[in-house]
Amino acid sequence: MFEYRLSDDTWGKEELEAIQEVIRSNRYTMGPKTAEFEEQFAAFFGAKYAVMVNSGSSANLIAIAALIYSEKLKAGDEVIVPAVSWSTTYYPLQQYGLKLKFVDIDVDTLNLDLKQVEEALTEKTKAVFAVNLLGNPIDYDYLQEICDRRNLILIEDNCESLGAKFKGKYTGTFGLLGTFSTFYSHHICTMEGGVIVTDDKNLFHLMKSLRAHGWTREMPHNSPLYSKKENDFYEQFNFIFPGYNVRPLEMEAAIGIKQIDKIETIIKNRRENASKFISEIGAVNGIKLQKEVGESSWFGFSMVLEGELEGRRDELIKLLTENGIENRPIVAGNFTKNHVIKYFDYEVHNELTNADYIHENGFFVGNHSELQFESVKLIKKVLMNEF
Ligand SMILES: Cc1ncc(COP(=O)(O)O)c(C=O)c1O
């Protein structure tokens, strides 16, 4: 058992009571709680629409599927992606026959190197799937300028960065679509869960259909996508897109409603923990911390070994683990090094020097929703005294 875990629990008695309420209602499958959660989630983040699904991975899948069925993207189009992210950022692109163009990350921010994004663009580039890694916002001024200039669709995988802001605006709300994860160990937890936000009504309606069998049932009568018949019987089982069943459960949504109330406190605490972490550990020689852009929601604390510590990650990981400090690689490292890449249509722009470096020399430890100054001292002690 780890003394300092990757994450802590964000639930109190309110979430347990919310579960009980669902049990009492006897309505377990997607229904009014999901609709309420979606409305509150969209309002909190300042988006017009939100669609809840059963995971952040499904959020990415539905987002990309919606771009395909709205004909904003088609098989063979090129999409720019960072070389470092989670596997399910990439999978929907592969599954829909899109060509991935991997671009290196910035070694300080761990997000896409935007200068290299500019160089990587071709006539075939149609979208950028940007990822805010470990809570850290990308430089949206620069990214949006690139997307506007080249008429590219901006999609945001914000699954690790709920509650982060850039110039006062929540990340996940800059692009045409933004995705979130509410899996345990993320900023808020609904057990499993994910959300897509958008301001685009067509995409919103499309995603409601794609989430549930590709049917029309949850589409309003005035949808620009499809005119429902007045015959409700017919519209119970009427299928218009090759969709999925990635619906959330009412319990997940009911918990989510309680978690939304806590977001501000959770993010405030995570940011205070980060200040402490930076002031204590930022001064340790040979350890590079993530450089914050905007206001990070600090999913965790990445450390990249440099100078004399380069190449010594295995020793440090052993020490941290022996001292009860849970740790992980920096997401999937350089994703193109994973065996699964053989199934992809992809190209690497230039070299992935920084992704390769963090693949060998990077790791992260968690951050918590409660204040945790003592744990920061423990990590520092291990780094300074034993390593
Ligand atoms: C960047 C990123 N995208 C997508 C996901 C998938 O989210 P989930 O675990 O809810 O499927 C994760 C998971 O942590 C992630 O880090």
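**Reading the pocket, the ligand and the cavity**

Reply: Start with the lining of the largest pocket, to which H3 gives the most, with three residues. Keep in mind that this is a predicted model.

Me: How many residues line the largest pocket, and which lie nearest its centre?

Reply: A lining residue has an atom within 4 Å of a pocket point. Here 25 residues line the largest pocket, and Trp86, Glu160, Phe183, His186 and Phe299 lie nearest its centre. The volume of this pocket is about 540 Å³.

Me: How do the lining residues of the largest pocket divide by class?

Reply: There are 10 nonpolar, 11 polar and four charged residues in that lining.

Me: Where does the ligand sit?

Reply: A molecule is assigned to a pocket if more than half of its atoms lie within 2 Å of the pocket's grid points. In this model the ligand sits in the largest pocket. Two elements give two or more residues to the shell around the ligand: helix H3 (56-69) and helix H4 (87-95). H3 contributes the most to this shell, with three residues.

Me: Which residues come nearest to the ligand?

Reply: The shell has 15 residues, and those that come nearest are Gly56, Ser57, Asp157, Glu160 and Ser181. By class, the shell contains three nonpolar, 10 polar and two charged residues.

Me: Which side chains have an N or O atom facing a ligand oxygen, and at what distance?

Reply: The cut-off for a polar contact is 3.5 Å between N or O atoms. Ser57 has a polar side-chain atom 2.6 Å from an oxygen atom of the ligand. For Glu160, a side-chain N or O atom is also 2.6 Å from a ligand oxygen. In the case of His186, the distance from a side-chain N or O atom to an oxygen atom of the ligand is 3.0 Å.

Me: How much of the ligand does the protein bury?

Reply: Compare the area the ligand exposes on its own with the part that the protein covers. Taken alone, the ligand exposes 380 Å², and 90% of that is buried by the protein.

Me: What about cavities; how many of 30 Å³ or more does the structure hold?

Reply: A cavity differs from a pocket in that a probe fits inside but cannot get out. The structure holds one of 30 Å³ or more, and the largest cavity has a volume of about 30 Å³.

Me: Which residues line the largest cavity?

Reply: Its lining consists of Phe277, Ile278, Leu289, Trp298, Phe301 and Ser302. Helix H10 (263-281) and strand E11 (300-305) are the elements that give two or more residues to this lining. Five of the lining residues are nonpolar, one is polar and none is charged.

Definitions and conventions: Residues numbered from 1 in each chain as written. Predicted model: local features only at pLDDT ≥ 70, side-chain atom pairs only at ≥ 80, totals over all residues. Heavy atoms only, no water. Near = heavy atom within 4 Å. Polar contact = N/O pair within 3.5 Å; in protein donor to acceptor, adjacent residues only side chain to side chain. Areas by Shrake-Rupley, 256 points an atom, 1.4 Å probe, with all protein chains shown as cover. 1 Å grid on protein atoms, 1.4 Å probe; cavity = no way out; pocket = protein on both sides within 12 Å on 5 of 7 lines; lining within 4 Å. Helix = DSSP H or I, 4+ residues; strand = E, 2+ residues; numbered from the N terminus. Nonpolar A, V, L, I, M, F, W, Y, C, P; charged D, E, K, R; others polar. Points joined across faces, edges and corners; volume = space filled by probe spheres on them.
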